[in-house]
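Take a look at the structure below. This briefing covers strand pairing first, then the nonpolar cores.

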Amino acid sequence: MTALLGVVVVNPAGQEIGHLLDVICRWSGQRYPAVSGLVVKVGHRAAYVPVAAVADLAADGVRLNSARLDLRDFQVRDGEVRLAHDVLDHQLVDVDGVRVIRASDLYLARVDGTWHLVGAEVGLKVLLRRIGPRRLHRRPAPEKVLDWAAIQALGGPEREGTAARQVRLRAPNSALKTLRPAELADLLEDLGRGPRSELLQMVETGKAADALEEMHAADLEALLREAPTAQAARLLEEMEPDEASEALRDVPEQERERLLGAMRPQQADRLRRLLGYAEGTAGALMTSLLVTATADRSVADVVAELRGQAEHAADLDAVCVLDGDGALVDDVPVVRLLLAEPGTRLAELVQEPAPVTVAPDAPLSEVIERLTDTRRHSVVVVDDQHRPVGRILADDLVDALVPERGRFRVFRLVP
């Protein structure tokens, strides 16, 4: 497309009327957006030419099929994006390669009489071609052209119009839904502030929260500080409580209170309780998501409650059985529940050995020792009345021992 920018635009009689400034595409959820018009510089004006008035679009010039031209100043209309202004050289997401790119050139193709945006070129050669002599622009030798169907365009507040961002948010690339949380986390870490916020708005909130849990601490802190308060608070609410509290520990206190103040009171209170525990202790490491039940409840009743917590299934490997005072009697694995008859009372499932517990102020080394000695998948955190307040799973310990989740990880010594 860069070969088209600046070319002469002529009327049906072959007379020069101006030069091409930009190509307009209509973003409507298509895999290959259709060209809807051109922006042509006529004298000191930027005029809009509908694609229906274009007879030929080529690197040696643009020929119109009508002598009529609307000389009113061009204005971006709803649903339209300027390719040179809003897409070229902006950050894009290659969903197939799961990477952030910048398109140095864009490719248009005519299909059944309609021009479409079909590809984006990346690589050093195209940049050299663009800064070289004009004659080289007309003979592109693509180094790497990516299928536009696998690309999500992103922008930033510095260079593009608000209209372009709004258009993309309404019609994001459906392939974004196929990204795994870790892949989405990698993209978020590589994007600039504006595009990062834009990508988060395109992804379902729960999936975005899962991705935040996979991000490096420094990148996550920056994201939470830079994102609009309401957006950051909503994402924190969707994160697992232990992950959200850990993320907030790295945020300056003033910013932390701003985010907590924007959250629902119940969610904010839960995180404040977790933040009240000293870092490196069981209380700071645990998740407060628990399923508890008294011994007289039936298996069917408790299983139904577990189904209601399906979105947190990874953190619910057992059910805490309580006595009349709320103290922990046993920690019954979910597998044992599922194998029991629906009418069975939890009291019948209570058995030796005693549940594995630690106090909220227990150091990380004690948690590891308790978990490894008993070969359990999790340990219950109890207060001084032996009432459960949280749970620490084996993967929580892995996260604590491996503070950086990148490709190259450095293990720290257990204190």
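**Strands and cores in a predicted model**

Val40 stands opposite Ala47 in strand 4. This is a predicted model: local features need pLDDT of at least 70, side-chain atom pairs count only at pLDDT 80 or more, and totals for chains, interfaces and linings use all residues. Residues are numbered from 1 along each chain as its sequence is written, and side-chain values use heavy atoms, with hydrogens and water left out.

**The hairpin**
- Strands (E, at least two residues) are DSSP runs, numbered from the N terminus.
- Two strands pair if DSSP finds at least two bridges between them.
- Strand 3 (residues 34-42) and strand 4 (residues 45-50) run antiparallel, joined by six bridges.
- Two residues lie between strand 3 and strand 4 in this hairpin.
- Gly43, in the turn, has a positive phi of about 65°.

- Three strands form an open sheet in the order 17-18-19, with mixed pairing.
- Strand 17 (357-358) and strand 19 (388-393) are the edge strands, and each pairs on one side only.
- Strand 17 runs parallel to strand 18 (residues 378-382), with two bridges between them.
- Val358 stands opposite Val381 in strand 18.

**The nonpolar cores**
- A nonpolar core is a set of buried Ala, Val, Leu, Ile, Met, Phe, Trp, Tyr and Cys residues joined through side-chain atoms within 4.5 Å.
- Buried means under 20% relative accessible area (1.4 Å probe, protein chains only).
- The largest nonpolar core has 55 residues.
- Among those with the most contacts inside it are Leu188, Leu236 and Ile392.
- A second, separate core of 37 residues includes Cys25 and Leu88.

Conventions
Helix = DSSP H or I, 4+ residues; strand = E, 2+ residues; numbered from the N terminus. Buried < 20%, exposed > 50% of the residue type's maximum accessible area, 1.4 Å probe, protein only.
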